[in-house]
Amino acid sequence: MRKSIKVAFAGNPNVGKTTLLNHAAKTNLKVGNWSGVTVEKREGFLSYKDYDIHFVDLPGIYTLEPLSEDEWIAYNFIMKENPDVVVDVIETTNAERDLLLTTELLEFERPMVVALNMTDEANKKGIEIDSSHTKELLEIPVVKTNGRNGDGIQELLDAIIETAEAHSTPKAVKYGDQIEEFLDKIGEQRRNGKIDKHTLLKLLTENDGRNGEKTKLEKFYKKDIISIIKDERYAFANGLYREILKKKKSTARDITDKIDKIVLHPILGFFIFLLAMFLLFKISFDFSNPLMNWTEGLINNFFSPLVSLLLTKIGASEWLLSFFSEAIVGGVGFVITFVPLIATIYFMLALLEMSGYMPRIAFLMDKFMHKLGLHGKGMIPLLLGFGCNVPAIIATRTLENKRDKLLVMAMIPFMSCPARLVIFSFFAILFFNNPAVIIFSLYLGGILIGLLTAFFLRKTAFRGKLSHFVMELPPYRMPRMRIVVKIVWVQVKSFLYRAGTLIFAASVVVWVLLNTPPGIKNQSDSAAAYVGKAITPILRPIGINDWRISTSLIPAFLAREIVLSSMGTIYSVNVPNNKPDFHFLPAIEEQVNGFGAAVKESLLSLFSPSIKTLETENADSGLRNVIRSSFTSASALSFMIFLLLYTSCLATVAVMAREAGKKFALVFLGYSFVIAWVVAFVVYQVGSIL
Amino acid sequence: MRYRFGHSRGRTPVETDTIKTYPSRTSLKELQVGEAAHIVDFFNPDEIARKIEAMGLRKGKKITVLQKLGRGILIKTNNSRIVITSDVAKNIEVK
């Protein structure tokens, strides 16, 4: 019989809980070098020896006195869910701080394992913890681990099983004689046997005890009960730390302080921030562009003709051929072309997160943010929004104040995500001579609307004093390529998954509607055209006067990139079908050579100081040409603005409803539509005059 | 009246060998970049004070002010770096 064990990972923020779990359960949960990456409880499963281990990764918490929502999640789990084993993850370098939570966890007198993580970093700082002595003192397994290379994971798993099997509890925490005496008395007053220390302390703070124990204690210590307990805990944690610490000579100089002198310099720091953002965009474009052109070629000049050829050979009907070239190649294939861009931008964002720079941006920007009545810590969810709005909205859980939280949440959807970048890069290159300026302006425009929204809310619904903030800055760490690549792969996989499911389904529906009723000669008589024409009047003032575009916008509510796949499907019909002769072997050779050249060009682009890609006119494909005929520069710009601002993303609206309520999400959705329409209208009208 | 401290300004720091110390009650807010001091007490022991204590800013700990930007103050204690805003810093008594 296999046994199942439920294990919770608890610990201070940014001590490497998720990284350890990723090693232990072979999961790919999101990690980063800053406090608050994990804001919900995440799970992992592992079959190990005769056991099924169910891991639960909890948000980081400094003390069992929760203030923010993520801290409440961790607290409630530890209090109520009764895991079989709690793994207390300690960042060895900061063991002195972390031992407070350890002390609080020990009070529960439940099976527990201590993982001393990041021992390598601690050694360099001259800190070593005597793990066997710790084990003797606490009577629980203490394992040294290293999340960087997975050292100690095996030992940790064995310790978990051993503890769960034996149901061994730690040695009881002992506080000062006086308080212990009173706790005993309180314990005696309760009839039903053994009560853990945590509950006893809680009883002591909440009511006075039958004989006025609380009052007596407060009188004795000359301070309130909360302070008494707190000081006792610190005394215990400190004593423990002194016992188990083996201080050595520090071997490494503190590089973080040196970097911070420059990076957080009041003036220099700002320019470094701008430079970092410039590089992020430059590399995202220039590195990915040659690869994107290659992918497009691979799909259009290799994959598509190859499959068409095969389909013709097996005698597929005209119907199937058109379905393939329009819904699959035109729709799904079109979106897949953008994978290199998605991968590169996520790679750059992962570097930002793994290095430790990201929370520093929040510190740098608080100067401006708080003038606008915004919380500095709110900067982190906003930055995450450039990666994807959905996790960014969840990340607002780290904000302690409900008002700050809603305020930041109302800004996030205006932060342009890679899905929008995909659309911008397509339209900006197609219609403008200096697409870099256009795309950059769109990003800034989104930020500006976000700030205005916040400013407006601060003046109306969310008035009040700006709350304080407290935030830990991590040390700089060299991002591990293996982990960065993993993060990118998770994102690319989810993009491809969307392409294969949601985007595919949308393309099929659009294609079917385009061919309904069956046997129509003219596309504009189809059901798809009928629907598009119905909403065109709303969009005409912003320059969209073509049912093919209006129709594309409807399924795009599921996810923005669907606007491209839908347009691909619709417009594919109009692409002149001049099939060149397709020969398999030369085509493969051409693709391989092309790939080599693309990689070379991508790498070379890293050494040019300006944004190269967006200066050059792209090669015209058939699809580009037909789409071009539907827009003017002014309407293309207004179309991009509309998609930037309107929350055309089901996932974002859904997560907003979950985190802030249905009403908030729906009102916001309406607001974003109106603001998107108004801005697009103004830009289109002005642009048409110019 | 207990919580009125910490707003007093204008005292001059007394130089000792390594760190500057202050003659009477000073709040962390008043420290300049590069200055170090020890935490003495919290003027207002509320939940925020308890949280920053749990984060490592505890009584008796030596802290160094690494940077000040706007209302944010970056301080270092042991091996952790913590940003607090000045309204939190003014509640921390240092010596």
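Predicted model: local features only at pLDDT ≥ 70, side-chain atom pairs only at ≥ 80, totals over all residues.
Local features need pLDDT of at least 70 and side-chain atom pairs 80 or more, while totals for chains, interfaces and linings use all residues; side-chain values use heavy atoms, without hydrogens and water. Residues are numbered from 1 along each chain as written, with chains lettered from A and ligands numbered from 1 in written order.

Let's start on the surface of chain A. Ile538(A), Phe673(A), Val674(A), Val678(A), Phe681(A), Val682(A), Val686(A) and Leu690(A) make up a nonpolar patch with about 710 Å² of accessible area together (Shrake-Rupley method, 1.4 Å probe). Helix 29, residues 662-689, gives the most to this patch, with 6 residues. Val682(A) is found in that helix and is partly exposed, at 45% relative accessible area (buried is under 20%, exposed over 50%, partly exposed in between, with a 1.4 Å probe and protein chains only).

A polar atom of its side chain lies 3.1 Å from the backbone nitrogen of Tyr476(A). Leaving aside residues up to four places away in sequence, Thr256(A) touches Arg360(A), Pro475(A), Tyr476(A) and Arg81(B) (heavy atoms within 4.5 Å).

Arg81(B) takes us to chain B, which has 2 helices and 8 strands (DSSP runs, H or I of at least four residues for helices, E of at least two for strands, numbered from the N terminus). Along the sequence they follow β-β-β-β-α-β-β-β-α-β. Of the 95 residues in chain B, 53% count as buried.

Notes
Patch = residues over 30% accessible without salt bridge, like charges linked within 9 Å, V, L, I, M, F, W, Y side chains within 5 Å. Salt bridge = Lys/Arg side-chain N within 4 Å of Asp/Glu carboxyl O. Polar contact = N/O pair within 3.5 Å; in protein donor to acceptor, adjacent residues only side chain to side chain.
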